Amino acid sequence: MAESDHNAQFLSWLDEHSSAVMKVARAYTLTSEDSQDLAQEILLQAWRSLPNFEGRANVATWFYRVALHTAMNWKRNDRPRRTSQQPLLEIHAVATPDSDSVEQAQHREIVERLYQAIRQLPKAEAALILLYLDELSYREMAEVLGISENHVGVKLHRARRSLSELMTGGSHEFR
């Protein structure tokens with residue numbers, strides 16, 4: 001592939017899948033700066049991996065795979081520095097004419113608790129929850145994670161139960 005085609009393809013894919021990159025980066029970091037750093041690392045890894053893309057998986061699946069693997073490695077390699085940090089809430093609720101500040105504050109609190117809970121899950125469960133929240137099918141989740149669709153169902157059930165316990169103290173199932 002010519003370099004100009006390579007660049008155009010990457011920019012097109014980036015435009016379509018940048019939200020997935022940011023979701024993964026936000027879920028695996030505590031601060032806005034770290035989130036931006038991880039997103040840049042994910043994009044760098046995607047750029048480096050693009051020549052190896054064979055087209056067997058769809059682009060969304062490939063981007064998620066690169067993002068999740070990069071985030072898991074980044075989290076493992078960055079653990080000593082992160083242990084001394086405190087999370088920074090940067091949830092931007094979309095203001096609507098009917099919403100008020102109480103609803104926005106409640107929304108921000110729920111989203112913050114969700115990300116805090118996701119960060120406490122084992123990395124494989126966190127990855128599965130992110131894919132679930134982004135409404136990927138079991139087949140797509142299986143492709144991203146390299147497991148069978150049946151295994152996705154079993155692992156997702158466990159991950160949702162664990163997330164529910166973290167979110168509610170075990171009293172209700174998260175939906």
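1. The protein has eight helices and zero strands, and along the sequence its elements accordingly read α-α-α-α-α-α-α-α. Please keep in mind throughout that this is a predicted model.

2. Among contacts between residues at least 6 apart in sequence, 64% join residues that are at least 24 apart.

3. Helix α2, which covers residues 32–49, has 18 residues that should span 26 Å at 1.5 Å a residue, and the distance of 25 Å between its end C-alpha atoms agrees with this. The buried residues in α2 are S32, D34, S35, L38, A39, I42, L43 and A46. In an α-helix there are 3.6 residues a turn, so residues three or four places apart point the same way.

4. A search of the whole structure finds six aromatic pairs. In one of them, the rings of F53 and W62 have centres 5.4 Å apart and planes at 65 degrees, and because planes over 60 degrees apart count as edge-to-face, the pair is assigned to that class. W62 is buried, with a relative accessible area of 10%, whereas F53 is partly exposed at 22%.

5. Ring pairs link F53 and W62 into a cluster together with F10, W13, W47 and F63.

6. A charge is also placed over a ring: the charged end of R26 sits over the ring of Y115, at 4.7 Å from the centre of that ring.

Technical notes. Residues numbered from 1 in each chain as written. Predicted model: local features only at pLDDT ≥ 70, side-chain atom pairs only at ≥ 80, totals over all residues. Heavy atoms only, no water. Phe/Tyr/Trp six-rings, centres within 6.5 Å; stacked < 30°, edge-to-face > 60°. Buried < 20%, exposed > 50% of the residue type's maximum accessible area, 1.4 Å probe, protein only. Lys NZ or Arg CZ within 6 Å of the ring centre and 35° of its normal. Helix = DSSP H or I, 4+ residues; strand = E, 2+ residues; numbered from the N terminus. Expected span 1.5 Å × (residues − 1). Contact = heavy atoms within 4.5 Å.
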